[in-house]
Amino acid sequence: MPHSKDTVKEFDFNARDFERVRGLIYKRAGISLADSKQEMVYSRLARRLRATGISSFMTYLDELEAGRLGDEWESFTNALTTNLTSFFREAHHFPLLAEHVKNKRDLTIWCSAASTGEEPYSIAMTLCEAFNTLTPPATIIATDIDTNVLAAGANGVYTMDRLDKMSPERQRRFFLKGKGDKEGMARVRPELRNMITFKQLNLLADQWPVTGPFDVIFCRNVMIYFDKATQRKILSRFVPLMKPDALLFAGHSENFLYVSDSLKLRGKTVYELDRR
């Protein structure tokens with residue numbers, strides 16, 4: 001919960017603690033936290049202090065850095081990762097995707113910031129519609145740094161309100177509605193879940209557990225958390241993983257032309273390799 005300036009905080013959290021957190025999450029996940037994120041950091045990490053039974057931020061960060069908190073690095077990273085997503089978010093991308101995959105076989109698509117699964121399932125639905133089958137010739141790899149959201153994505157169960165903006169036809173074709181104690185819930189059809197492999201991946205890691213080459217890479221609304229140097233480094237690693245005619249989909253507020261001369265614009269926030 002947000003704390004106003006005159007509220008007594010449960011834990012002491014000063015500017016030095018905030019700077020340490022900023023340094024650690026940048027090094028760990030490439031995320032650049034703005035000055036304005038101090039309250040968000042406090043509220044999210046205060047939960048980790050309660051969970052670990054530690055009474056001060058300084059001690060928590062000392063123990064974390066010393067590696068004495070077991071798997072806490074994962075929880076620390078998960079806590080500071082923002083996961084805003086929805087089905088068919090930035091809807092203009094999906095007709096472009098459908099057009100791109102027509103007449104292709106053995107498609108491989110990488111969704112590199114999969115969050116709770118709405119994006120890879122939207123990709124899967126688009127492929128099913130493009131090929132008019134629940135078993136299109138495609139595999140989708142869905143990765144994220146946050147293990148909690150990946151587990152939710154692999155589970156493929158959503159509250160019905162998450163499906164609100166989807167046509168009734170899509171809801172019927174691609175989801176199984178819950179009954180009894182599962183009323184108000186919907187599960188993605190198993191055919192779609194079988195198309196997708198969920199795995200943990202940190203875009204800053206030295207090794208990525210994906211090999212390519214890919215027909216399509218989705219990297220939407222994650223680069224905004226990285227500085228230009230980190231963006232440049234990640235894009236330079238995408239390029240060799242792209243097939244000659246591959247497409248790279250970016251988020252609505254992201255522009256990759258300023259950080260990579262290997263890409264050119266194909267459409268609104270859609271890129272292809274620049275072969276000049």
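Predicted model: local features only at pLDDT ≥ 70, side-chain atom pairs only at ≥ 80, totals over all residues.
View 1. Helix α5, residues 93-101, packs against α6 at an angle of about 50°, and the two axes lie 9 Å apart. The two helices are therefore oblique to each other. On the α5 side the contact is made by Phe94, Leu97, Ala98 and Val101, and on the α6 side by Ser122, Ile123, Thr126, Leu127, Ala130 and Phe131. Sorted by class, the residues of this contact comprise eight nonpolar and two polar ones, with no charged residue.

View 2. The phi angle of serine 115 is near 50°, which is a positive value in a residue other than glycine.

**View 3. Helices α1 and α3 make a left-handed crossing.** The axes of α1 (residues 15-29) and α3 (residues 57-66) come within 10 Å and cross at roughly 25°. Because angles under 35 degrees count as roughly parallel, α1 is described as roughly parallel to α3. Asp17, Arg20, Val21 and Leu24 of α1 form one side of the contact, while Phe57, Met58, Leu61, Asp62, Leu64 and Glu65 of α3 form the other. The residues of this contact divide into six nonpolar and four charged, with no polar residue.

**View 4. Helix α3 packs against helix α4.** The axes of α3 and α4 (residues 72-80) are 9 Å apart, and the helices pack at an angle of about 125°. The pair is therefore oblique. In this contact Tyr60, Leu61, Leu64 and Glu65 of α3 meet Glu72, Trp73 and Phe76 of α4. Five of the contact residues are nonpolar and two are charged, whereas none is polar. Leu61, Leu64 and Glu65 of α3, which take part in this contact with α4, also belong to the contact that α3 makes with α1.

**View 5. The second largest pocket and its lining residues.** The space in this pocket amounts to about 220 Å³. The lining includes Ser86, Phe87, Phe88, Arg89 and Ala91 from one part of the sequence, together with Asp161, Arg162, Leu163, Asp164, Lys165, Met166 and Arg170 from another. By class, the lining residues divide into six charged, five nonpolar and one polar.

**View 6. A cis peptide bond between glycine 212 and proline 213.** The bond that joins glycine 212 to proline 213 is cis, with omega at about 0°. Proline 213 itself lies in the loop between β6 (196-200) and β7 (214-219).

Note on methods. Residues numbered from 1 in each chain as written. Heavy atoms only, no water. Axes fitted to C-alpha atoms, helices over the stretch in contact; angles between N-to-C directions. Helix = DSSP H or I, 4+ residues; strand = E, 2+ residues; numbered from the N terminus. Parallel < 35°, antiparallel > 145°, perpendicular 65-115°, else oblique. Left-handed = near helix turned anticlockwise from the far one by under 90°. Contact = heavy atoms within 4.5 Å. Nonpolar A, V, L, I, M, F, W, Y, C, P; charged D, E, K, R; others polar. 1 Å grid on protein atoms, 1.4 Å probe; cavity = no way out; pocket = protein on both sides within 12 Å on 5 of 7 lines; lining within 4 Å. Points joined across faces, edges and corners; volume = space filled by probe spheres on them.
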